2 protein chains.
Amino acid sequence: MRALLVILDGLGGRPTDFGGATCLERAAHPNLDELAAAGALGLMDPIAPGVRPGSDTAHLSIFGYDPLQVYTGRGAFEVLGIGMDVRGGDICFRANFATVEEREGKLVVVDRRAGRLEEGKLLEEAVNAVSLRDFGVEFLFRASTEHRGALVLRGEGLSAAVSDTDPHEVGVPVAEARPLEETPAARRTAQILNAFTRRAYEALRDHPVNKKRASEGKLPGNALLLRGAAIMPRLVPVTETYGIRAACIAGGALYKGVAKLAGMEVLPVAGATGDLKTDLRAKARAALEALQAFDLVFVHIKGTDNAGHDGDAEGKKAFIERVDREFFGELLLRLPQELHLCVSGDHTTPPAVREHTADPVPALFFGPAVRPDRTRTFGERAAGEGGLGRFSGRLLPQLLGYCDFGGKFGA
Amino acid sequence: MRALLVILDGLGGRPTDFGGATCLERAAHPNLDELAAAGALGLMDPIAPGVRPGSDTAHLSIFGYDPLQVYTGRGAFEVLGIGMDVRGGDICFRANFATVEEREGKLVVVDRRAGRLEEGKLLEEAVNAVSLRDFGVEFLFRASTEHRGALVLRGEGLSAAVSDTDPHEVGVPVAEARPLEETPAARRTAQILNAFTRRAYEALRDHPVNKKRASEGKLPGNALLLRGAAIMPRLVPVTETYGIRAACIAGGALYKGVAKLAGMEVLPVAGATGDLKTDLRAKARAALEALQAFDLVFVHIKGTDNAGHDGDAEGKKAFIERVDREFFGELLLRLPQELHLCVSGDHTTPPAVREHTADPVPALFFGPAVRPDRTRTFGERAAGEGGLGRFSGRLLPQLLGYCDFGGKFGA
C-alpha cells in the first residue's frame, strides 16, 4: 500500500471570491471530480474551528502534530523557511545586519538595519568563519533578504531562555544577552551569544564589503543583532511512528523544512519552483517515481496561495485548472493500484481577503479503503455535504490509517 | 464588518418533546428559515459529544475558552450569577447566614441556615461595613435568596487553597479556615477568613434585624459560614485576542457576568428581564443600535431554557415563535449590510427531560463569507444535514473568523 498527500497551499475560498462561488467551485477540474466521485470528501479545520492558521502551524497539524504543543514560535520556523539545515533541539534566532560604532569598548548601534544593505550573502562566509569551538557548540548563519538573516546554535546544554542582543533602538549599545531562567544552559547560552556578538563584529569590521560601502558613504553591516530565541521542536518522525519510508516533493523552503523535521526525505525536483510557474507535470512524474521507493509521498503545491495573496481570483482558478490537467492528469495516467490519496489545502486564502482565513478547507480521500460518499465534485460546498464530516487537521494520520500503517494505541 | 451572536438558552430539543419533533421543529419561524436558506447550518456540542453542560461552562466554550482549563468551579460562577462585580483573580466563596452561640469564646453553630431567614438583604450592609483594611484586602458580600449569599475577596497574595469555615454540621464551632497548601498566600487567606468570621459575628450579633427576630422567637442570622473557595479565572478578553469592541445584551446575571469576564461591555436594556416576558423587540433594537458602536454584539435570550426546565413544550414552541417574530422580525427590517450572524443555543433543554442534556445544538451562520448549504429551515434535523458539519463549542471564534478579526496562529 502507498500513500500520496497533495497539499494545494491556501486552497480554500469564499463565496465572495468569484460572484457567489469559490475559485475551486468555478474552476473546471474533471480529474479531481473523478477522484471525488470515486472517493469521499470532508471539511478540515487546519487547527480548530475559528483559528486563522499560518502555513507552519497548519502543516504541523496536517501531519498529525499538535501545534499548541510543538510550535515554538515564528523564529524557529522562519529558519526552516529560508532553507537552513536545522534539527530538533537547535536554538534559532532571527538576525539583522546592523551598523555599530565602538565607543569606550562598547558597540553602540547606529542603524539596526545597516542601511538595508543588499550584500548580506557576501558577508555570510565571514560570519560562518567565526569559531565558537571553545564553547563546544556549532552554529550556522544564513543571510536572507536585505539586512535579514538567521542564526542556529547547535550543541549540548543550550537553552532558548535568553534575551535578545537586539536593543530594538539606536544610540545604545548592543544588548548583553541575559539568561531568562536560572539554569546553567540559559547562562551558558547567553555567554555564547555575547562572545558571538564580539567575534562577529571583529570578523565584519574590516570586511572588504564594508570597506567598499564606507568608501561609498554607506552604512557598513559590521554587527549582527539577534532576537526571538526559539528551540526547534523535536518531532517524533512519521517514519518512526508509522514504520514507513517517507518523501517530500516541494518548491518552498518552509514546506521542505517542516517535512524534513517530520522525518521525510526531501527529493529535489527540477522545475518545482514553489510558485505559479512550477512544472506540475514534473512534480507528478517525480511523485509517481517516488511512490516506487517510498510508502508515503507528500507533494506541496504553492501557487494557489500565491494567487490568493495577490487577490487574483482568475489566476487562482486558472492555476487550479492547470493543477487538475497537468498534475492530476499525469498522475491518473499511471495511478498505482495500491494507492490511497488525499488532496486538500493547508488553509483558506480567499482572493477577496488576500490573507489566510479561518474557514475550513475541503479535503478529498480516495483509495480502496475509503467509503465512497455521494459527492461528485471537489469543492467547498460539496465537502460540506461529504461523507467524512468535519475534523481538525490530521490529514496524514487518516491517510496512513487507510493504508494500515502504524501500530495500535492500546491493545 | 460586524458580528452578532444570538444565544437562545437551552434551544435544543428532542423528538420526545413534541410527539416526534422538537419545539424548534414544530414552531413556525419564517425569519430564521430565511436566514438558514441564505446561510449554513451545523451541529454544535457545547463542550464535547456526550457532555451535559452547565450554562456557565457552555458559555465559556461558546466564547472559545476551554472550560476544562478555565472553569474553576461553581463557587466562582455563582458569584457571577448573582450579579456581583467580580474580576479575574478574585477569591469567591458561597456563604450562608447561620445562627451561632458564643460558648467559652467559641462560635458554636446552632443552625447552618439561620432558620432560612428572609432578611439577608437587610443584613448585607452591616456585613459590608466590616473592615479588612488591616490585611490590605477588599471584600464584597452579597445576600441572595433566603439564607444564601456570596463573598468575594480581592487583593494581592490571596489563594483559593483554603478550607471551608462552614463545619457542615451543627453543635460544633465554626471551623477555622486552614491553608490547603504550604504557601504564604494560602496561610494569609485563612487568617483573613478567620478574622472575617469573628468581625462579621460582631457586626451581626446586636443588629436590629436579629434583635427583632429574637423577640419573635426566630433564629438570628448572626454569623456567616463560607464554603467552596474558588478563584475567578483571568480570561484573555476577546477584545484583546481579536482587537475588537464587544458588547453584551442579556437579562440574566450569569450571562452578563461571563460576558464581562470575557471583556464585553454589558449594555443595559429596559425590558430585558431574562425570562419568558422579556421585551424581545427592545433587545433587537438595542442590538442594532449597539452594532453601530461595537464590532461584536452578544445577545442572550433566556426564555427557551425556562420553558424547557418547566417541561412546557407548548410554551417553548410559543416563545421560539415570538423570538422569530419579534426579535428576528425587528432585526431583519434593518439588518446591517456588513454583518455576520450566528444563532444557536448554549445547550439542549428538552421539556421532556426538564434539564440540560448532552445532545448537540443546532447552529446557524449567515453572512457574506459563509458558504451557503442546501438547508432551508432552522431545526435540529436540518442542522444534522448542514454544510458546517459538527463541532464543539467555539461559535464565537468561528463568527469572528468570518469577519477576519484577530491574528494568525503561526506565519
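Predicted model: local features only at pLDDT ≥ 70, side-chain atom pairs only at ≥ 80, totals over all residues.
1. Chain A splits into two parts: domain 1 covers 2-71 + 236-402, and domain 2 covers 91-231. If you take the C-alpha centres of domain 1 of chain A and domain 2 of chain A, they sit 38 Å apart.

2. On secondary structure, you'll find 15 helices and 13 strands in chain A.

3. How does the overall size look? The C-alpha trace of chain A spans about 75 × 50 × 35 Å along its principal axes. Its radius of gyration is 24 Å, which agrees with a compact globule, because 411 residues packed that way would come out near 22 Å.

4. Inside chain A, 55% of the 411 residues count as buried.

5. Nonpolar side chains tend to be buried together in soluble globular proteins. Here the largest nonpolar core has 134 residues, and L5(A), C92(A), I249(A), A287(A), V297(A) and L364(A) have the most contacts inside it. Both domain 1 and domain 2 of chain A supply at least three residues to this core. Apart from it lies another core, with 131 residues, including L261(B), A284(B), A313(B) and C403(B).

6. Which residues does L5(A) touch? Leaving aside residues up to four places away in sequence, L5(A) touches F298(A), C342(A), L395(A), L396(A) and L399(A).

Terms used
Residues numbered from 1 in each chain as written. Chains lettered and ligands numbered in written order. Domains from an automatic or database assignment. Helix = DSSP H or I, 4+ residues; strand = E, 2+ residues; numbered from the N terminus. Rg over C-alpha atoms; globule rule 2.2 N^0.38 Å. Buried ≥ 20, exposed ≤ 12 C-beta atoms within 10 Å, placed from the backbone. Core = buried A, V, L, I, M, F, W, Y, C linked by C-beta atoms within 7 Å. Contact = placed C-beta atoms within 7 Å.
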